Amino acid sequence: MRVDVVTIFPGFFDVLEVSLLGRARERGLLEVHVHDLREFTSDRHRTVDDTPYGGGAGMVMKPEPWGLALDALAAQAPTPPTIVFPSPAGELFSQATAQEWSEREHLIIGCGRYEGIDERVFAYAATLGEVRLVSLGDYVLNGGEVAAMAMIEAVGRLVPGVVGNPASLVEESHSDGLLEYPSYTKPASWRGLDVPDVLLSGHHGRVAEWRHEQQLERTRTRRPDLLP
């Protein structure tokens, strides 16, 4: 799987060299390439923004450098890529979205800044591949980089071979629409707090039933919106 990221802060993504994703890149399971949008400008100031038509506060990212960046990256894809723009005006990113994208060959993620990207960029991008505007939640960040990092992590760990034990992905929060059950390890008693007896029983059927009940209770208490 290949992921191309376009940003005006390429150093932000240096953290991808560490942990599971870093090892996945070393093993060739996941390609991540970060591109500086300013490399696609033509003026000596490497300008990527301008004042908005119609007035208003802030600046808007210019379409020209985005068009050149998308042309260059889409041309490298054997099939039309999925082009993602993190945006508070987009659809909500979910575990289902991460699973869907983990099966794609090529993702391009465009990180906006300022008051956003000229709307025509999205229309043009749709001529090159599938366009998805996606939000992490109902709040606003300074730019798309934090959201892009979260998406790359969520998607990348689902690529086959990235996580050592694939069974650990099956019972995570949101994998079945519910929150994950609580986990415990040794010692059985710690500072007056004990591990639930059922987990010490060795009875796998009872353990599975207890875990499912905990999933339902956690979801009902913390995220009732997930329940049908």
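How many residues in the lining of the largest pocket are nonpolar, how many polar and how many charged?

Author: The model is predicted, so local features require pLDDT of at least 70 and side-chain atom pairs pLDDT 80 or more, whereas totals for chains, interfaces and linings use all residues. Residues are numbered from 1 along each chain as its sequence is written, and side-chain values use heavy atoms, with hydrogens and water left out.

The lining of the largest pocket comprises 14 nonpolar, 8 polar and 3 charged residues. In this classification Ala, Val, Leu, Ile, Met, Phe, Trp, Tyr, Cys and Pro are nonpolar, Asp, Glu, Lys and Arg are charged, and the others, Gly among them, are polar. The space in the largest pocket amounts to about 440 Å³. Of its 25 lining residues, Pro86, Ser87, Pro88, Ala89 and Gly116 are the closest to the centre. On a 1 Å grid over the protein atoms alone, a pocket is an open set of points with protein on both sides within 12 Å along at least five of seven lines, a cavity is a set where a 1.4 Å probe fits but cannot get out, and lining residues have an atom within 4 Å of a point. Grid points are joined across faces, edges and corners, and a volume is the space filled by probe spheres set on them.

At least two lining residues of this pocket come from each of β5 (82-92) and β7 (130-135), and β5 gives the most, with 5 residues. Strands (E, at least two residues) and helices (H or I, at least four) are DSSP runs numbered from the N terminus.

The search of the whole structure also finds 1 cavity of 30 Å³ or more; the largest cavity has a volume of about 40 Å³. Its lining consists of Met1, Val3, Leu30, Leu107, Ile109, Ile152, Val155 and Gly156, of which 7 are nonpolar, 1 is polar and none is charged. Here α5 (145-156) and β6 (106-110) each supply at least two residues, and α5 gives the most, with 3.

Helix α5 is largely enclosed by the rest of the structure, because 9 of its 12 residues are buried, that is, under 20% relative accessible area with a 1.4 Å probe and protein chains only, where over 50% is exposed and anything in between partly exposed. Contact means heavy atoms within 4.5 Å. The elements covering the buried residues of α5 include β5 and β7, both of which also supply residues to the pocket lining.
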